[in-house]
Structure formats: structure tokens, C-alpha cells
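This report describes how two chains meet, and then turns to one residue at their boundary. Please look at the model below before reading on.

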Amino acid sequence: MSKEVAITGIGILSPLGIGKDQFLENLSKGESGISIVKGIELINISSKLAAQIPEVNFKSYIPLASLRRMDRISKMVVTALSLAIKDGGISLDKENLEKIGIMVGTGLGSSYTVDTYFRLLLKEGPLAAPPMLFQTSVPNAICSHASILYGIKGINATFSQKETSVEMAIIQGYLAIKKGVADIIFVGGGDEISEPLYHIYSKLGLLSKNDTYPEGSRPYDETRNGMVMGEGACILILEEASHAKKRKANIYGYLEGFGIASSPVDILGYDKKGDGIYHSINMATKNKSPDLIYGSANSSLDLDEGEAHAINKWFNKRNGQVKLTAISSLLGSFDAIGGLKAAAALLTIKTKKIPPTINLTKQDFSFSLPIVTTPIEDKNIKNVLTIGSATGGTTITLLFSADL
Amino acid sequence: MGVVTAIGDDLNSFWDSLIKGKSGIGDITLFDTSSYRTKNGAQIKKLKYDDIPYINNDKNLSRADLFGIVSAKEAIKNSGLIEDVWNPFRFGISLGAGSGGIYSVEQYFKKIYQGEKEKAPISLLTGYSLCTTTDYISKIYNIMGPRITAATVCSSSLAAIGFGIDLIRNDLADIVIAGGSDSLCEVTYSGFNALRIVDPKGCKPFDKTREGISLGEGAGIIILEEYEHALSRNATIVAEMLGYAICAEAYHLTAPSPDGEGAKRVMELAMKDAKINPSSVDTINTHGTGTPLNDIAESIGIKKALKEHAHHIPVCSIKGSIGHCLGSAGAIEAISLILTLVNGIVPPTVGLKEPDPKCDLNFTIDKPKHGDFKIGISNSFAFGGNNVSLIISRFDN
């Protein structure tokens with residue numbers, strides 16, 4: 001019998017709060033997590049907004065002995081992991097730890113650490129370069145810390161594919177469970193706002209700034225002029241369905257399909273024509289049609305346009321009702337946002353609450369389907385599609401369902 | 001297959017240097033090493049790419065992008081694939097990355113932090129992301145299928161080959177460009193130096209006097225293809241990927257588990273995936289970094305996984321020739337293993353003179369070992385005990 005993949009736990013650290021309840025409450029009210037950026041120095045940078053996570057008392061989530069070896073991004077993701085384990089009611093001492101894995105996506109996880117390290121190196125020379133900082137600056141340090149802390153010895157991998165990094169980890173986790181290499185895989189990831197990263201995004205022209213229109217995150221809006229940078233971490237528990245049922249786990253939903261495709265666009269360009277996005281949506285919706293789509297639109301000119309083309313083209317061949325929303329209006333945009341999107345999709349399936357796309361006053365595209373702009377509940381939502389689409393052209397879609 | 005290393009910038013020159021026991025480890029000229037404890041590394045000092053118009057037209061490429069594009073071109077050429085035979089949506093890519101374009105980003109921030117921001121060209125930032133090489137190659141070859149970039153550094157590109165195998169097994173692609181590319185940069189060079197695991201005299205895997213790694217750089221690309229698809233176009237099949245495994249030691253952030261349990265388990269799981277017994281293994285291309293801890297743990301792991309049979313097969317490490325290429329090490333070593341299986345030659349373990357008594361395996365030392373080798377294992381182990389083993393078989397057409 002082929003294995004099915006359930007989601008049995010959610011851990012979140014987001015600009016809209018810590019833990020799934022706070023996240024859902026603020027998200028479904030349409031609260032914005034975006035404000036003036038704090039804690040970093042912006043010299044010669046024309047943007048000033050960001051969606052940052054609140055202060056976290058990491059000591060409440062991670063033992064001190066482990067905490068002191070971690071940098072901020074590892075603390076963020078491991079905190080999300082500890083929240084997920086608690087939420088999922090998993091007793092690790094009862095599990096076969098060789099059949100538990102972790103797969104994480106991160107764009108530039110430790111950019112702050114690498115930058116701190118590099119500045120020390122430049123200023124003081126190689127002898128001042130601290131080994132403790134270097135060893136936690138590698139992208140797979142997050143998974144290493146997590147596996148050491150919890151003793152999980154199964155499949156362990158890290159992916160970096162810009163805004164589809166976490167979706168990549170989720171589908172690889174899904175495939176690994178289907179293959180039978182693990183009973184449970186913690187999938188997700190995170191990214192943080194750091195001075196060098198904000199600098200890079202700004203200089204590469206990706207960020208919204210005050211020009212003809214004001215700085216802000218306005219997906220699908222005619223006045224959109226770039227993304228607002230966000231940060232956050234999320235871990236989902238992917239669990240082989242019979243394993244989940246045997247331990248009477250709370251099941252949020254099932255991952256029933258995915259799509260992965262790409263368009264050969266410029267390194268810093270989005271899939272403006274939407275060919276890869278369209279193909280990826282088709283792949284994920286082969287067997288089931290979604291009632292709601294969490295779009296990847298992030299207020300950039302080209303991504304929102306490409307996604308609109310793709311969704312329209314796909315929807316025109318369908319019947320029925322599909323709604324659309326884009327939570328980057330509330331959370332900004334970052335490489336690991338796919339985890340928060342997937343969590344939001346599962347929470348919608350569970351609670352029927354749909355978060356609105358805020359800041360949408362003048363819709364730019366003639367969509368064939370309605371965009372949700374005010375908080376609503378819809379009892380009919382059973383299947384939800386998330387879209388993640390990255391600069392460079394990769395798109396990954398995920399289809400979550402209430403029932404198999 | 002295609003390869004770019006310090007001992008050869010194409011498959012033939014790489015293999016020729018490897019079996020002759022040449023070493024690419026020498027003085028690093030890419031950046032100033034005068035204040036470092038060590039000065040050496042396997043830096044690529046020449047690279048031909050005049051025949052690749054794309055490279056000459058794009059000034060934003062990092063070293064890692066360059067190496068990756070050059071070896072992808074060689075791999076595509078050797079595979080006999082021509083662009084109009086593939087369906088772009090069934091054409092995927094799975095690469096491993098280490099530091100990616102960080103060398104370029106370093107050059108940018110160096111200027112900024114030294115107060116010369118007018119001299120810091122924004123184009124240096126283009127390759128800031130670890131998936132940039134993946135995206136460039138996708139663009140050049142019009143890849144519209146799955147793209148994967150694995151970021152487990154020292155084991156990235158072997159893991160990427162594993163994920164590429166699964167793309168084909170799961171019917172998500174017919175052809176996958178798999179492997180990895182990585183370049184030297186100051187952050188990693190100084191980092192490994194700060195951890196005091198760089199051998200000042202050059203890497204000597206499994207040797208009694210070994211002190212650590214030598215860093216290297218380069219790229220290795222393998223074209224994976226679904227079997228029927230390859231047959232239908234009369235491709236020359238070089239090897240078959242039998243199976244792989246990835247797992248974690250959950251032991252320490254940089255040190256391997258000293259009892260070799262992590263190494264043993266990943267090889268056992270890979271053999272299970274490949275459906276082979278230990279006695280079928282004819283040779284092993286080890287991770288063999290030359291650090292005191294890795295080489296003992298790996299030797300113990302090999303003995304535990306293959307039992308008595310471990311002593312009857314030739315084992316090598318090519319890191320004394322090409323250095324530790326981090327994000328591309330696994331792919332280059334997998335290519336070396338394929339060439340071993342095809343040519344019946346295990347390359348010498350350059351740098352090794354007298355094996356550590358705790359590493360009592362049948363290493364090639366100062367000359368290559370000839371024989372009939374059908375199935376081999378390639379190992380890559382990363383920081384934090386992120387271990388990968390890949391099992392490859394020669395394909396007799």
C-alpha cells in the first residue's frame with residue numbers, strides 16, 4: 001500500500017507572533033507585521049520597512065547548553081522545531097530516532113553570522129577569526145544543531161533555492177516518507193533579516209521604496225513597486241499517515257500533491273510570463289482542485305504579473321469556485337516564507353479562516369477568480385494550494401487537503 | 001560527465017593527472033594568505049572557456065558559476081544530448097553548493113567596509129544566493145523541470161546526486177544535470193584554519209602524520225538519465241546509480257562520531273537502497289579528508305559496514321590531489337569512482353606514505369591499482385554528521 005503523508009504539528013516564529021495560535025489570530029484578522037526596520041543600520045539604503053519577528057526569549061524553548069552554540073537563525077528554526085514537537089505531541093523517547101529526519105530550507109540562513117565573522121577577519125586578521133562562529137555559519141548548521149539537540153538520526157538535508165527553499169524541503173520530505181526512509185520528518189526552515197542581506201536586496205533593486213508610489217507590500221495592486229523584506233521560521237511535522245493514526249496524532253491535513261517546474265529567466269528576474277508557474281500548478285492539481293490559493297505574489301512587478309497569467313490560464317480550464325490570497329501583504333517576502341504559507345494553508349483547512357490580502361485598492365490584473373481582501377470564513381475550504389516562486393525562475397506548488 | 005579541478009579542467013586531463021598521482025595543492029594566489037598559518041590549497045589557475053559565448057557575455061558570473069557552466073557544457077557534450085531531443089519540463093537539475101558566489105560577495109563588502117563604496121560594483125552581488133549556479137545552468141540549457149540546490153556544504157553535491165536519482169525514480173524528470181560547483185573564498189579558508197584542521201604541508205589522507213585538509217575548488221557534473229530514455233536515443237551508458245542514503249550522526253557540530261557508527265550506518269543504508277551485499281563492493285572512494293578524526297572514524301565505519309571484506313578491496317582518497325572541494329567534492333569524487341569502474345584503475349591516494357595503524361585498510365599508496373571493479377561506494381561526510389553514501393555500478397553495454 002502506498003504511504004500517505006499527514007501533517008501533525010506546526011511550529012511558527014513569525015512577524016505576526018510566536019506559535020500557531022498567535023500567528024493565526026493576527027493573520028486571519030489581516031494585521032500587518034510590517035513596520036520601520038529595527039536593530040540594523042541602513043546607510044545609503046533607500047528602503048526602511050521590514051516584517052521582523054518580535055523579541056523571543058529563546059531560553060524558554062532551547063536548553064542553555066545548546067543555545068550558547070547557536071547563532072540567531074539556528075535559534076529561530078530550532079525554536080520553531082521545539083514548538084512543532086510540542087504541538088504534535090511527539091514523545092521522541094518513544095520513537096525510533098533513526099526513522100526521524102529533518103529537512104530545512106534557507107536562503108541565506110546565517111548571513112548575519114557570516115558578515116560578523118567576515119568583518120572580524122578584515123579588521124583583525126585570520127588569527128582573530130573565531131572558530132565557534134565559523135562552524136555555525138554554514139547553512140546546514142541549523143539541521144546539525146537540531147539533530148544533536150533532539151538526537152534525530154534519520155535523513156538530514158538542507159536546501160537553498162531562494163523563495164522556494166522551504167517548499168523544496170517539504171517536497172523532499174514528502175518523497176522520503178513515501179519512499180519509506182522515515183516515519184516522521186521535520187520540514188521547514190527560516191531566514192532572518194540582517195544588515196548585509198537588507199543591503200544586498202536593496203542594491204539589487206528588489207525592495208519597495210518611496211517613488212511614484214509609497215514604500216509598502218501591495219501584492220496584485222497597480223501601485224506595487226517591490227517587496228518588503230520579512231523574516232521568520234516554521235517547522236511542520238510530516239508524518240506517515242498510519243504512524244500518525246497509530247499514535248492518535250492530531251492531523252491538520254494531508255500533503256497530497258506538489259508541482260515543481262521552472263522558467264529559464266534572468267538570475268534576478270521572476271517568471272514574468274508564468275510558464276513555470278502554470279506548469280507547476282497543473283502538476284499539483286492533477287487529482288484535486290483547490291478551493292483556495294495562497295499566492296506567491298510579493299508586490300514585485302514581475303512575479304505578481306507572472307502569477308496572474310499562470311493562475312488565469314489554469315483557472316480558465318476549470319469550473320467551480322477558487323479564492324486567492326497573498327499573505328506577503330502581511331508578512332513581507334523572504335526566501336523561507338514557504339513554511340509560513342504552508343502553515344497558513346493548513347490552519348485555514350482546520351479553522352476555515354482565510355486571511356485577507358491587504359493594501360489592495362486598485363487591482364492590476366483582470367483575474368478570473370476573486371481575491372480575498374477582508375477577513376472571511378469559508379466552511380467549504382477543503383483543499384488549499386500554495387505557490388512559491390523564486391527569482392531565477394523556480395516554482396514549487398503544494399496541495400494540502402483536509403481528507404485523503 | 002564533466003569536471004573542472006586544479007589538476008585538470010576536463011575529464012581527460014583530470015583522470016590522467018589523477019592516476020599519475022599529480023597534486024593540485026600549491027600556493028594560493030586568489031587572495032593574500034601571508035597572515036595565515038597555512039598558505040596552500042588546490043586552486044584552479046587556468047580554465048578554458050573561450051568557446052562558451054554565454055560566459056564571455058555575462059560579466060556577473062562568480063568563480064563557482066564559471067566552473068559549473070564549464071563542466072556542465074562538457075557533460076552535455078559527452079552525453080551526446082542535443083537540445084532539440086529533450087522536453088524542457090522533463091529536464092531537471094540538482095546541484096550541491098558550498099560557498100557559492102561568496103567570493104564575489106566578499107569582494108563587494110570588502111570595499112564597502114574599507115570605505116571605498118564607489119569601487120564596489122553591484123554586479124558582484126548577483127551571485128549572492130547559493131542556487132545561482134543552478135539557475136545559470138538552467139537558463140543556458142532551457143531547463144523547465146525541477147531545480148534543486150542542496151546546501152549541506154561538504155556533502156552537498158553527493159546529496160544532490162541522490163536527490164537527482166530520486167527525481168528520475170519518482171518520474172519527475174527524464175534527464176537531470178547533477179553534481180556541484182564551489183570555489184575558494186576567504187571565509188571558508190580562514191574558517192577551516194581557525195578550526196585548525198588545515199594541514200600546513202598539504203593534505204595526506206590516512207597518513208600517520210596527517211594534520212588536516214587542504215581546501216580545493218572546482219565542479220563535477222553528471223548527466224543522469226532515465227534508463228529507457230537513454231536506450232531510446234542510443235546513448236552510451238557509462239554507469240548505473242544503484243542507490244544512496246543520507247543520514248545524521250546527531251553527535252557533534254564538527255567532529256564525527258569516533259566509533260564510526262555514523263559512517264557505518266550511512267553505507268549500510270545505501271547498500272540496502274542499492275539492494276547489494278557488502279561482498280559486492282569492489283572499491284571505495286572515501287571522504288578521506290586527512291583530518292585526524294575523520295580518517296579514523298571513516299576507516300572504522302568501513303570495517304563495520306563491510307566486515308572482513310573491507311580488507312580485500314582497494315580504497316582511495318583523491319583529496320591529496322584536488323583538495324577538499326566542499327560543495328563539489330562529492331560530485332568530483334563520484335566522477336572519479338565512475339572512471340575507476342570504467343577504466344579498471346583506482347587512483348593513488350596522493351599524500352599518503354605510511355598509513356596510520358588505526359586506518360588499516362587496503363589503500364592505494366604511491367601507484368594506481370588495476371583490476372576489474374564493477375561496483376563502488378563514494379562517501380561524503382559533512383559538518384554536523386550530515387553523511388551521504390552513493391553506490392555506483394559500471395554499465396556494460
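Between chain B and chain A there are four salt bridges, a salt bridge being a side-chain nitrogen of Lys or Arg within 4 Å of a carboxyl oxygen of Asp or Glu. Asp166(B) forms a salt bridge with Lys179(A), with 3.2 Å between the closest N and O atoms.

The model is predicted, and local features need pLDDT of at least 70, side-chain atom pairs pLDDT 80 or more, while totals for chains, interfaces and linings use all residues. Residues are numbered from 1 along each chain as its sequence is written, chains are lettered from A in the order written, and side-chain values use heavy atoms, without hydrogens and water.

In total, 66 residues of chain B are in contact (heavy atoms within 4.5 Å) with 63 residues of chain A.

The residues of chain B that touch chain A divide by class as follows.

| Class in chain B | Residues |
|---|---|
| Nonpolar (Ala, Val, Leu, Ile, Met, Phe, Trp, Tyr, Cys, Pro) | 35 residues |
| Polar (the others, Gly among them) | 19 residues |

Where does Asn386(B) lie in chain B? Asn386(B) is in strand 14, residues 386–394; strands here are DSSP runs (E, at least two residues), numbered from the N terminus. Asn386(B) counts as buried because its relative accessibility is 1%, and buried means under 20% relative accessible area with a 1.4 Å probe, protein chains only. Beyond its neighbours within four places in sequence, Asn386(B) is in contact with residues including Asn140(A), Ser144(A) and Cys247(B).

Definitions and conventions
Helices (H or I, at least four residues) and strands (E, at least two) are DSSP runs, numbered from the N terminus. Buried means under 20% relative accessible area, exposed over 50%, partly exposed in between (1.4 Å probe, protein chains only).
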